[in-house]
Amino acid sequence: MAPKSYTHLLSLLSFLSMLVPLRGAIVFDVYRMLQYEKVTTPFGSQRASVNQLAATLSSKPEALINSLVVSPLELMNETRFNELIHNKVDGFLFLFPPEGAPINRASLSSWKLLEQALLNQKFDFPVYFARSSSTQFLYQKLLAEDKIQASPMHDNYRLVVNAPEPKPIPNPTIANFQGWLAGTSATKADDGSLPTIAIVAHYDSFSIAPELAFGGDSNGSGVLALLELARLFSRLYAETRTHGSYNILFILTGGGKLNFVGTQSWLATTENRLLKSIDFTLCIDSIGKKNSEDGLFFHVSRPAKDDKTKRLYQAFSQTATSMKIPFEIVHKRINVSDPVAYWHHERFSRKRIISATVSHKNKPAPLFTESDLFDRQSTVDIKLLQRNIKFIAESLVKYMYNLSTHSNLTVFEGWLDLDTEFLSSWSKTLTKRSRMIPYFKTKDPILEGLERVLSEYASDVSNQTFKLESEYLFYDGMRSTMEVYKVKPILFDVILFVCIGVYLGALYFVLKWFGRDVRFDVNKKRS
């Protein structure tokens, strides 16, 4: 064999040696951090593709350079995150705990501070999230390798995500739903001759990782309350002797996490006659969270000066007292020049409609400051939610039927009792997938199911769709698959390359000298 052929063979084998260490790939789903623009200013993670070596918080500083850091959420905080960026890391993979796993308050508070900082910055490297249950094996392997990283021959792990360039989602479509329960003297559902009570909840959620915006409490609990109230009042209105003289309007809106754009669209497109008939609007937002100290806040924009408003507020306060629920009415004036609606009811208040938001939160959360990453089904306390729904129902009955003198009267019991199984089932359904707009489509089975259930208890159920026209522009590519490969260090390739070279060189000289002796013997025999 010619020397040139050996050179080619050596090059081929050395190249193959670079590929041999890649073996036993681990594959799991990952969820990318939100990428968006606000008036053309970019925020969030700008990159989706990954092809880097993995590191952990215990890795040496030199191992962090250009690596993708894998870390449980509870171990990360804003200070540590900034230190890692200073060490020139090139991406993050955050592992969030499984459903129901306990998270101490200190870690949760620390993460929320970091989350707010992340949402208001731009990063040119990828930031992903993954379930710790599917990545526990990888994380333990990385920690084990960190312990022996003093050895030049320790293994590395390469993380790979083959994802296309993220693209913007222009003007996504959002859906609103509404249904009616007609009062006694109304001939049509939209008859303006009777006053109307509007019960409103937004169904969407929000998270720093859009595919993980489950929103069990915010605002899954509000949606559950609206559906259960529709069921309860439909039964109450089904009996002639208990049929009320108010129309009841149930409204499910989208875009609640985006300055309540769904409600804004509904108000802009609804007939003025209907708006004028609305006597009171109750918005329900986050009323089922565990460890929320069991209290409720009644956020209003109008002080109780006139008799009607006094009677309304008294109905809720009186019911809270009889049910021994900590309750506080919080009055906040609206700045009409401020484009931001801090509470859901403020959209109605701007139309001079008496309205309120009931919530376990004592203050609003500005846009993109409250994420639902840890707000899952396990967050919701069904018994607490059931109690709060009953409180709302009893309060409305006191006001609608003028029962203020019957402070200890309980209406919703026996055949009008709440359905625990219904609430539990729908809580599980709502938290099966993300409901974050614009990634939550109008034809999603969850929305179709909500419309179908509302149709069972209310009449004239209809939906309204509209295009989101906002200063925010969101990007796609929020879910991908990550592959993990175990790779040998560069030193291993160098040693392997040298060994192969020595072996092939020795083989070449053996064959060369052996071939020379064979030719000599043949020539000697011929002569």
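This is a predicted model: local features need pLDDT of at least 70, side-chain atom pairs count only at pLDDT 80 or more; totals for chains, interfaces and linings use all residues.
Figure 1. Setting aside neighbours within four places in sequence, E74 is in contact with L95, P97 and S107. E74 sits in the loop between β5 (68-72) and α3 (78-86). The C-alpha atoms of E74 and L108 are separated by 7.1 Å. Along the chain, these two residues are 34 residues apart. Relative accessibility of E74 is 41%, so the residue counts as partly exposed; the partly exposed class lies between the buried limit of 20% and the exposed limit of 50%.

**Figure 2. Crossing of helices α6 and α12.** Helix α6 covers residues 220-238, and helix α12 covers residues 420-430. Their axes come within 10 Å and cross at roughly 140°. That angle makes α6 oblique to α12. The crossing is right-handed.

**Figure 3. Residues at the contact of α6 with α12.** From α6, the contact uses G220, V223, L224, L227 and E228. From α12, F422, L423, W426, S427 and L430 take part. By class, the contact has seven nonpolar, two polar and one charged residues.

**Figure 4. The chain behind the close-ups.** The chain has 527 residues, and 51% of them count as buried. It holds 14 helices and 20 strands. Take the contacts between residues at least 6 apart in sequence: 81% of these join residues at least 24 apart. The accessible surface of the chain comes to about 24,800 Å². Carbon and sulfur atoms account for 54% of that surface.

Note on methods:
Residues are numbered from 1 along each chain as its sequence is written. Side-chain values use heavy atoms; hydrogens and water are left out. Helices (H or I, at least four residues) and strands (E, at least two) are DSSP runs, numbered from the N terminus. Buried means under 20% relative accessible area, exposed over 50%, partly exposed in between (1.4 Å probe, protein chains only). Contact means heavy atoms within 4.5 Å. Accessible areas come from the Shrake-Rupley method with a 1.4 Å probe; for residues, only the protein chains shown count as cover. Axes are lines fitted to C-alpha atoms, for helices over the stretch in contact, and angles run from 0 to 180 degrees between N-to-C directions. Angles under 35 degrees count as roughly parallel, over 145 as roughly antiparallel, 65 to 115 as roughly perpendicular and the rest as oblique. A crossing is left-handed if the near helix is turned anticlockwise from the far one by less than a right angle, and right-handed if clockwise. Ala, Val, Leu, Ile, Met, Phe, Trp, Tyr, Cys and Pro count as nonpolar, Asp, Glu, Lys and Arg as charged, and the others, Gly among them, as polar.
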